[in-house]
Amino acid sequence: MHLLAASTQRNLGMAIAVVAIVGFAIYLIYNVMWAGRGEKGSELELAPNRKPYLSDEELETSKLDLALVSGLVTLVIIGVALPLYWLGEPGRQQGYVDDSRRQFTSRGFEQYEERCASCHGGGGLGGTTSTSVTDDAGNFIAAIEWEVPALTTALYRFSEDEVRHILNYGRPPTPMQAWGAPGGGPLTTQQVDELIQYIQSIQLSPDELQGEVLDGLVLQVRDDVLAANDGDIADQLAEAHEAVNAAGADEIAAENAARELARVEELIRETSEQHIRNLDSPDRGELLFNNGVYGCARCHTPRDSWRFTGPEEQPGAGPVVLARGSAEEADVVAQLGSLIPAYIPGGGAFGPNLTNGATLRQFDTAEGHAGFVTIGSEEGMGYGNFGQGDGGGQMPAFGVCVGDRDSGDRSPIHGFCSLEDGSVRPGMLTADQIADIVAYERGL
């Protein structure tokens, strides 16, 4: 942006300089051509409405020196101040952008805290909200706890126009309601823009994002790692926890126990990462597919983004969230029967069913399949079981940053993917990770 601004000002300055030089040349030619000629319309005598001024002898004294010095000072000021002002213009423009961004971010934070944090959590880190499952007629089926996604990667996956559409019209059939005036919500267009600017301010850096993705994969394989090698690592972990509990108020013992626990956790982490690297591509793809907000299952697998809730075990403690696969959940599923969808990996929920060779029929090659996962669904085209049409952002982009995709001539305060040094943020997942997901999906 700085280079563009400087180039524009330089071109404008050159144009002004050319006009000034040409004008001065015309002035000189005109004076040379008319030199020695009598002044047109000169008066031989003063008109009655004029009075004599100072004579040449009086003018050509300190008065003339003062006039000349004053003119010279004025020219110096103009000659120095204008270039300095021109050179400082890019900084002033960037200052305006930065100040506007701060103002929008501050106001967006206030909007977020008031209206969004109760579901999406403080700082957009994700949360839960209680809601219910209903049938097509709107009749209550079951109470559930919806896992609300974090917003810290939203602009990696969705363009600003897609985020704006979701804020304006909601995200059926999720608990995400319409907040913008076009969808019947309470927020004005500017307030929605301020929310988007706040969301931009909390986006993870590329390194943080990859760390979060890997953390999710490690968490999924942790139990397998602890059970491997005859449970040797699990025994070390148990002993480390026992040492922490036994240390009590003994500071030296507590410090040693904490150090040992950190060593075991680091061992678990390293072993888990190696375990992931040793997996076949489809198996790694399954982990990535089921990796929460960074994966695919919350949209493509029924019931993945929510859990059943049972009655309160203690008054005022809130309903108990039933663990997937637990006996309590199995009882609820058995009672509801066909009223709820079966938990089938890739079986279709918000996004379409990917099983029974659906992806093979849609994409002739794995490369074409990977390309679609990389850039997401075509803008303006409905996608999935609840496609919203224009700007809905149905299938997010997983391999390229698309926050600026629809920006057009919008103010640079909203820029996210294009960095000031000319580089572009990478996508949420690497090409190898997307290839693993494709390998898994094409085998469903």
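**Salt bridges and burial**

User: At 21% relative accessibility, does Arg-284 count as buried or partly exposed?

Analyst: The relative accessibility of Arg-284 is 21%. Buried means under 20% relative accessible area, exposed over 50%, and partly exposed in between, with a 1.4 Å probe and protein chains only. Arg-284 therefore counts as partly exposed.

User: Before we go on, what kind of model is this?

Analyst: Residues are numbered from 1 along each chain as its sequence is written, and side-chain values use heavy atoms, with hydrogens and water left out. Local features need pLDDT of at least 70, side-chain atom pairs count only at pLDDT 80 or more, and totals for chains, interfaces and linings use all residues, since the model is predicted.

User: Which residue forms a salt bridge with Arg-284?

Analyst: A salt bridge is a side-chain nitrogen of Lys or Arg within 4 Å of a carboxyl oxygen of Asp or Glu. For Arg-284 the closest N and O atoms of the pair are 3.0 Å apart, and the partner is Asp-436.

User: How many residues apart are Asp-436 and Arg-284?

Analyst: Helices (H or I, at least four residues) and strands (E, at least two) are DSSP runs, numbered from the N terminus. Asp-436 is in helix H16 and Arg-284 in helix H11 (residues 281–289). The pair links distant parts of the chain, and the separation is 152 residues.

User: At 8% relative accessibility, is Asp-436 buried or exposed?

Analyst: The relative accessibility of Asp-436 is 8%. By the cut-off given above, Asp-436 therefore counts as buried.

User: How many salt bridges does a search of the whole structure find?

Analyst: One of them joins Glu-162 and Arg-405, with the closest N and O atoms 2.8 Å apart. That pair links distant parts of the chain, with Glu-162 in helix H6 (residues 160–169) and Arg-405 in the loop between H15 and H16. Glu-162 is buried at 5% relative accessible area, whereas Arg-405 is partly exposed at 30%. The search of the whole structure gives a total of 13.

User: How many residues apart in sequence are the parts that Glu-265 and Arg-222 tie together?

Analyst: The side chains of Glu-265 and Arg-222 meet in a salt bridge of 3.2 Å, N to O. Glu-265 lies in helix H10 (residues 251–278) and Arg-222 in helix H8 (residues 206–227), so the parts tied together are apart in sequence by 43 residues.

**Cysteines**

User: Which cysteine is joined to Cys-401 by a disulfide?

Analyst: A disulfide is a pair of cysteine sulfur atoms within 2.5 Å. The structure holds one disulfide, with an S to S distance of 2.0 Å. Cys-401 is buried, and so is its partner, Cys-417.

User: Is the link of Cys-401 and Cys-417 left-handed or right-handed?

Analyst: The angle about the S-S bond is -75 degrees. The link of Cys-401 and Cys-417 is left-handed.

User: Which residue stands opposite Gly-127 in E2?

Analyst: Two strands pair if DSSP finds at least two bridges between them. Strand E1 (residues 127–134) and strand E2 (residues 140–148) pair in the antiparallel sense over eight bridges. Five residues lie between them in a hairpin. Opposite Gly-127 stands Val-148.

User: Which residue's side chain makes a polar contact with that of Arg-307?

Analyst: A polar contact is a pair of N or O atoms within 3.5 Å; within protein, one must be able to donate a hydrogen and the other to accept it, and residues adjacent in sequence count only if both atoms are side-chain atoms. Arg-307 is found in strand E3 (residues 306–310) and is buried at 18% relative accessible area. At 3.4 Å, the side-chain partner of Arg-307 is Glu-147.

User: Within what arc do the buried residues of H15 fall?

Analyst: In H15, His-369, Ala-370, Phe-372 and Val-373 are buried. The arc is that of the directions from the helix axis to the C-beta atoms. Seen down the axis of H15, the buried residues line one face of the helix, because they fall within an arc of 160 degrees.
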